[in-house]
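Try each task before you read its solution.

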Amino acid sequence: MTELFSDTSNPFYKFGDMMFLKKIPTEEWIPFICRKYQETGKIITEKQAERICKVTENLSSYVQHLSWIVWYKANPVTTNEMIELSIDELLEQNKVFFQREIEGLTELQLNLLKAVANGVDTGFSKKEIIKKYRLESSANVQGVKKAMIKKDLIDVDGSVITFNDPIFKLWIKRNIPNL
């Protein structure tokens, strides 16, 4: 996404100031979610609101979307089962987009995504990681990382790799077979 504004060949090059917004912390989301439920006569516990934040990794659009799906199911009390069903529903709603994302990926790219989905965020040049996730070599890992960044699927901050989309990460974890 940043290429749109930082690549001289793009029409929006230096179009404006780039702003990187931080995620809203869980401690701020929880009372907000609970209050909004209460205002509409529905009940959600702080622990349940925290679960929504954890699954969505505090990405605002997903926090709001998942909260709405759960809110819609609450009658008027929210159950943990409703939250899990809502997570499944959110994954299902995005399935076509996620399948489209992985269609053009190589086996190495999928293997890297599976590793990151399984919690590996550093140490990709270690022999045991390369072997376990069939990444072939540390040189391949570098090429795969660049390709995944270009596709806007991952971010790299120093040596730490993370998914841009926490629901895509969960979908990968649930739908791409373990290596």
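Buried means under 20% relative accessible area, exposed over 50%, and partly exposed in between (1.4 Å probe, protein chains only). Helices (H or I, at least four residues) and strands (E, at least two) are DSSP runs, numbered from the N terminus. The model is predicted, so local features need pLDDT of at least 70 and side-chain atom pairs 80 or more, while totals for chains, interfaces and linings use all residues. Residues are numbered from 1 along each chain as its sequence is written, and side-chain values use heavy atoms, leaving out hydrogens and water.

**Exercise 1.** Find which residues of α6 are buried, and what they pack against.

*Solution.* 
- Step one: ten of the eleven residues in α6 are buried, among them L108, L112 and K114.
- Step two: look for contacts (heavy atoms within 4.5 Å). The buried residues pack against α5 (80-103), α8 (138-150), β1 (154-157), β2 (160-163) and α9 (166-175).

**Exercise 2.** Work out which residues touch the most other members of the largest nonpolar core.

*Solution.* 
- Step one: collect buried Ala, Val, Leu, Ile, Met, Phe, Trp, Tyr and Cys residues joined through side-chain atoms within 4.5 Å.
- Step two: among the 48 residues of this core, L113, F124, F168 and I172 come out on top. Helix α6 (residues 107-117) gives the most, seven residues.
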